[in-house]
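Please keep the sequence and the model in view while reading.

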Amino acid sequence: QVQLVESGGGLVQAGGSLRLSCAASGTIFSINIMDWYRQAPGKQREWVATATSAGSTNYADSVKGRFTISRDNAKNTVSLQMNSLKLEDTGVYYCRAVAPRVYWGQGTQVTVSS
């Protein structure tokens, strides 16, 4: 079993920045993928960014150039630096790990205000 705990959410004005973190614990042999998803009110959960154990990263077009995902394989952590936040970035952000089963964190709220 793997447990994921997110932190770093909060309220920020448009144009501001936030940094989310996710720590994995438990029986971990190998986490192939760690990524972030988000869910806005009334919308489906959507993929935001991925970091693989090999070091590659990918981003949704909506966040490319504004968000940066980083991963520490030794510590089993993944972070999401979010800059130039927009109102539409508001939502609950979830950390996901593929190890190889899929695990989800409980989510952390990000609210961007005008």
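Cys22 is buried, its relative accessible area being 1%, and Cys95 is likewise buried, at 0%; buried denotes under 20% relative accessible area, exposed over 50%, and partly exposed the range in between, with a 1.4 Å probe and protein chains only. The model is a predicted one, in which local features need pLDDT of at least 70 and side-chain atom pairs count only at pLDDT 80 or more, whereas totals for chains, interfaces and linings use all residues. Residues are numbered from 1 along each chain as its sequence is written, and side-chain values use heavy atoms, with hydrogens and water left out.

The sulfur atoms of Cys22 and Cys95 lie 2.1 Å apart and form a disulfide, a term for a pair of cysteine sulfur atoms within 2.5 Å. The link joins distant parts of the chain, 73 residues apart: Cys22 belongs to strand S3 (residues 18-26) and Cys95 to strand S9 (residues 91-98). Strands (E, at least two residues) are DSSP runs numbered from the N terminus. The angle about the S-S bond is -80 degrees, and the link is left-handed.

Arg71, in strand S7 (residues 67-72), is buried yet has no salt bridge; Asp72, the nearest side chain of opposite charge, is 8.0 Å away. A salt bridge requires a side-chain nitrogen of Lys or Arg within 4 Å of a carboxyl oxygen of Asp or Glu. A polar atom of the Arg71 side chain does, however, lie 3.2 Å from the backbone oxygen of Asn32. Leaving aside residues up to four places away in sequence, Arg71 touches several others, including Ile31, Met34, Ala51 and Val78, where contact means heavy atoms within 4.5 Å.

How values were computed. Helices (H or I, at least four residues) and strands (E, at least two) are DSSP runs, numbered from the N terminus. Lys and Arg count as positive and Asp and Glu as negative; His and the chain ends are not counted. A polar contact is a pair of N or O atoms within 3.5 Å; within protein, one must be able to donate a hydrogen and the other to accept it, and residues adjacent in sequence count only if both atoms are side-chain atoms.
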